[in-house]
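Colleague: Could you take me on a close look at the place where the ligand sits? I am new to this, so please go step by step.

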Amino acid sequence: MRRSDIVVIGGSAAGIPAALTARQFYPEHSVLLIRREPQALVPCGIPYIFGAIGSTEADLIPDAMLQSAGIDLLVDEVTSIDRQREVLATAGGEEIGYRRLVLGVGSQPVVPPIPGADKANVFAIRKDVAYIERMLAAFDRASRLVIAGCGFIGVELAEENRRERGLQVTIVEMLEHCLEQNYDLEFAQAAEEVLRSEGIDILTNTTVEEIEGNERAERVILSDGQVLPADVVVLALGATANSDLARRAGLAIGPLGGILVNRYQQTSDEHIFAAGDCAEKVSFFDGRPSPQKLASIATTEARIAGANLFALQRANPGTIGVYSTILGGRAFASAGLTERAARLAGYQVITGQAEAINRHPGCMPGGMSLRVKLVFDAATRVLLGGQVMGAESGGEMVNAISACVQERMTADDIALFQAGSHPGLTASPITYQLVAAAEAAIATWLKERQAAPVPV
Ligand SMILES: Cc1cc2nc3c(=O)[nH]c(=O)nc-3n(C[C@H](O)[C@H](O)[C@H](O)COP(=O)(O)OP(=O)(O)OC[C@H]3O[C@@H](n4cnc5c(N)ncnc54)[C@H](O)[C@@H]3O)c2cc1C
């Protein structure tokens with residue numbers, strides 16, 4: 001029987017950093033990574049395979065980083081975990097002993113029981129080379145694409161197929177606005193404007209009721225009675241944790257269906273850890289179960305799990321949720337709670353917004369406007385979240401916002417943030433958007449204080 005001190009199942013955003021971190025913290029232990037697929041796709045790159053990236057081969061995670069770190073790789077499917085013996089069985093007939101195990105087995109797309117969802121040319125986005133190749137072949141023959149779900153994956157797929165392939169694209173969204181879960185109204189509407197200006201149709205407040213056709217999808221019936229002709233249909237409706245392997249091994253499962261873990265990413269078996277989309281999560285803000293599934297979260301959890309295998313030394317503060325995308329060449333990104341989500345969660349909220357060109361003076365080459373909105377808890381002035389749109393530097397600005405949320409910084413802390421600036425790289429230090437948005441929130445407080453009746 002083969003043995004490895006540390007076995008990681010999964011070769012994606014959770015599995016790879018878990019293995020690398022384990023190697024870094026425990027160099028004396030052998031590490032084996034097992035993944036099902038011969039070649040793993042960069043999951044976040046999948047929408048761009050249909051456009052900018054152009055092929056599945058160009059979107060593969062290189063194995064070189066595993067090799068150079070001395071991590072063994074086995075391409076096989078783990079079919080069961082014998083926790084008593086600490087032995088895995090694989091579809092290829094191997095038995096593999098472990099001392100510590102990390103489950104990074106990911107998720108699969110949600111496919112609701114919509115009549116006709118099983119027809120040819122109806123796809124959910126699977127992180128699988130052969131599946132994406134089948135999608136590409138179908139898209140090559142298509143001219144009309146209907147996408148159910150106007151979240152990040154839906155809008156990215158819509159834009160790539162409209163812009164790069166010239167497909168007629170319609171997105172169907174049950175909520176009032178695209179990206180509504182992650183943006184306040186003004187940001188969601190701006191994203192919709194970009195998509196509409198590119199010729200993408202967006203139908204909101206409606207759902208896909210049925211997909212009709214003979215063998216193949218030919219038309220989509222919506223709940224409001226509209227009928228959309230379609231050659232290909234994509235269901236971009238979220239993902240569900242792969243927890244079957246863990247469930248069969250008797251590990252506890254969380255309320256949202258993920259593998260239950262503690263703050264150390266430890267499952268109900270102290271020798272087994274879980275990270276990424278397969279693991280249950282809690283919110284950074286209130287500790288309640290969180291449905292968020294992101295590569296960035298998977299990677300953080302993997303770094304926690306990998307470090308904790310033989311000694312608990314890193315703890316998960318809960319998920320903040322940092323979402324970023326680029327539409328029409330403009331960054332759209334958010335971290336933490338939107339104003340709407342914060343109010344729904346019961347916070348009294350004060351917001352601050354700032355917009356400036358990301359160069360100074362603004363005539364410097366490459367200048368583009370970047371708008372930042374920050375959401376603060378009015379009672380404590382602590383930052384709860386932020387949104388950005390505009391220049392590509394917004395992709396990093398939102399990460400700075402996330403760091404401020406994670407450190408529970410107040411508006412006053414952020415106003416005194418010592419940001420660097422350069423004419424060719426940033427807004428001027430006077431208008432630097434993150435600081436200026438915090439100052440705008442502080443100005444609101446000051447006005448409220450001045451307006452408040454003076455106690456006698
Ligand atoms: C189209 C698309 C775009 C996305 N864009 C973004 C983005 O821009 N930013 C972002 O943060 N997130 C994005 N996400 C989400 C992100 O891809 C996931 O959160 C991330 O892939 C989770 O990583 P994971 O390693 O937990 O799981 P997965 O990526 O699902 O990987 C699971 C791994 O486990 C392996 N595995 C599963 N079961 C077994 C088994 N029994 N035996 C052996 N191996 C097994 C699989 O083969 C795979 O290697 C996107 C997702 C999709 C689908």
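Modeller: Let's begin with a term we need: a polar contact is a pair of N or O atoms within 3.5 Å. Please keep in mind that this is a predicted model. With that cut-off in hand, look at V78: one of its backbone N or O atoms lies 2.9 Å from a nitrogen atom of the ligand. The backbone takes part at A13 too, where a polar backbone atom is 3.1 Å from an oxygen atom of the ligand. At L294, a backbone N or O atom is 3.3 Å from an oxygen atom of the ligand. On its own, the ligand has 990 Å² of accessible area, and the protein covers 89% of that.

Now for the residues that form the shell. Strand 2 (31–35), helix 2 (46–49) and helix 8 (295–308) are the elements that each give two or more residues to the shell around the ligand. Helix 8 provides the largest share, 3 residues. There are 31 residues around the ligand, and those that come nearest are S12, A14, E37, K127 and D277. Sorted by class, the shell holds 15 nonpolar, 8 polar and 8 charged residues. Domain 1 (2–108 + 240–308) and domain 2 (111–237) each supply at least three residues to this shell.

Finally, let's step back to the whole protein. The protein has 12 helices and 24 strands. Its radius of gyration is 24 Å, close to the 23 Å that the globule rule gives for 456 residues, so the protein is as compact as a globular protein of that length. Of those 456 residues, 52% count as buried.

Definitions and conventions. Residues numbered from 1 in each chain as written. Predicted model: local features only at pLDDT ≥ 70, side-chain atom pairs only at ≥ 80, totals over all residues. Heavy atoms only, no water. Near = heavy atom within 4 Å. Polar contact = N/O pair within 3.5 Å; in protein donor to acceptor, adjacent residues only side chain to side chain. Areas by Shrake-Rupley, 256 points an atom, 1.4 Å probe, with all protein chains shown as cover. Helix = DSSP H or I, 4+ residues; strand = E, 2+ residues; numbered from the N terminus. Nonpolar A, V, L, I, M, F, W, Y, C, P; charged D, E, K, R; others polar. Domains from an automatic or database assignment. Rg over C-alpha atoms; globule rule 2.2 N^0.38 Å. Buried < 20%, exposed > 50% of the residue type's maximum accessible area, 1.4 Å probe, protein only.
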